[in-house]
Amino acid sequence: MRKFRFFVFLIVFLFMFSYSPLISPSATAEISAEAYVLIEASSKTILDSGAPHKKMEPASTTKILTALVAIENGDLSSVFKVSKNAAEVEGSQLGIEAGDEITLDDLLHILLMKSGNDAAVTIAENIAGSVDAFAEMMNERAEKIGCEDSHFTNPHGLSDENHYTSAYDLALIAAEALKNDTFSEIVSKKQHTLSYKNLSISNSNRLLKMNDYFCGVKTGFTKAAGRCLVSSAIQDGVTLIAVTLNDANDWDDHLLLMERGFERVEKKLLWKAGEYKTEISLLNGERKAVYSNEKDIYGVIIDGGEVKYDISVNMYPIIFAPAEASSYGGYLSVSCEGREIDRIPLILKERVEANDVPGNFKLFLYNLGKLLKMLL
């Protein structure tokens, strides 16, 4: 009987100390990057980080900003000529040759999917005239985004002591770039066939094949920078962005960061379409005009607590009657911690008729409106 009791006690003891339901390996695992950050994309809230503002070399993750500047300042159908300088640039290349002519659309696919430094220089030279001039455009755009730890000297990310950024700045840049439909479409592709020589290329971002919620963004590597990776993922309407710099275990670390993040964040409807209303007086209008949000407005809840959003109304200074239903009158600016995260169009709900006034008075109002617009 004593042997039986001892056996039962031993089984219970081993069970108690070998099983811990409250702590999972993923919850305590460490991120191996020298610097990293995980943010919720809309509010830019930091969910997890280590040295997020440390200035470091970004390698080819630089090309996220290169692509954004190119898309905003170029035409996708434009044909760019490849220079000798571009064809002979160091580092990763697709192998485009000097004298070749390639569309910006193809160059962006080469840049973002295959990390072509030859594509980066071709883009820079054709849009800005030189690599240095394009780098100035990159720095201006980064400043507008809100980057405070960054300075760029080239469009490809090859090592330069004056070319640096931080994990947090890269997350901000990625969040801004992902607002652009062209950029988002390219970085989410696993395969693509170029018009250039009908070449088929695959995306170097392995995360796209590792989990369905990954939707971009960019890999990078140099000996000086180590392995760098920026990723984005969407689940249940929530978008997260992860950045790791100098991380030998980047693929697994990004999987882990996203797993942790999605457990903490959920999407929340703030206002349904048509629910947010503002009234304004129209020039020569018979009554006040009611404008409302054209689409649903969403926010997020983090760790069970609501994120604070600020809403401001921005309307045209002068709107004349008659005004048609569904016409655009301005927008709602949605901000979080002083940073604008979305603009929602405000649309007129019902037509507003004009007052019946003499023609000369209408002409007076029209000219007054033109004058006020010039002054404002």
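The second largest pocket is lined by 20 residues, and those nearest its centre are S60, S115, T219, G220 and F221. By pocket I mean, on a 1 Å grid over the protein atoms alone, an open set of points with protein on both sides within 12 Å along at least five of seven lines, where a 1.4 Å probe fits, and lining residues have an atom within 4 Å of a point. Two or more lining residues come from each of β7 (214–222), β8 (226–235) and α11 (250–264), helices being DSSP runs of H or I with at least four residues and strands runs of E with at least two, numbered from the N terminus. Strand β7 gives the most to this lining, namely five residues. By class the lining divides into five nonpolar, eleven polar and four charged residues, where Ala, Val, Leu, Ile, Met, Phe, Trp, Tyr, Cys and Pro count as nonpolar, Asp, Glu, Lys and Arg as charged, and the others, Gly among them, as polar. Its volume is about 280 Å³, a volume being the space filled by probe spheres set on grid points that are joined across faces, edges and corners.

A word on the source, before I go on. This is a predicted model, in which local features need pLDDT of at least 70 and side-chain atom pairs count only at pLDDT 80 or more, while totals for chains, interfaces and linings use all residues. Residues are numbered from 1 along each chain as its sequence is written, and side-chain values use heavy atoms, with hydrogens and water left out.

The mean pLDDT of the chain is 89, with 87% of its residues at 70 or more; pLDDT is the predictor's confidence in each residue, from 0 to 100. Over residues 1–28, however, the pLDDT is below 50, and this stretch has six contacts in the model beyond near neighbours in sequence, a contact meaning heavy atoms within 4.5 Å. Where pLDDT is low, the predicted coordinates should not be read in detail.

Now to the largest pocket, which has a volume of about 670 Å³. It is lined by 24 residues, and S42, G237, T239, I341 and D342 are the closest to its centre. Strands β13 (297–302) and β17 (339–348) each supply at least two residues of the lining, and β13 has the largest share, with four. Here the classes come to eleven nonpolar, six polar and seven charged residues.

For the chain as a whole, the secondary structure comprises twelve helices and 17 strands, and 47% of the 376 residues are buried, that is, under 20% relative accessible area with a 1.4 Å probe and protein chains only, where over 50% is exposed and anything in between partly exposed. Helix α8 (residues 167–177) is mostly covered, since ten of its eleven residues are buried, among them Y168, D169 and L170.

Let me close with some single residues. C215 counts as buried because its relative accessible area is 18%, and C228 is buried at 1%; the structure holds zero disulfides, meaning pairs of cysteine sulfur atoms within 2.5 Å. Where does A323 lie? A323 sits in the loop between β15 (310–315) and β16 (328–336), and is buried because its relative accessibility is 5%. Leaving aside residues up to four places away in sequence, A323 touches L282, L348, R351 and V352. A323 and A354 are 31 residues apart in sequence, with a C-alpha to C-alpha distance of 8.1 Å.
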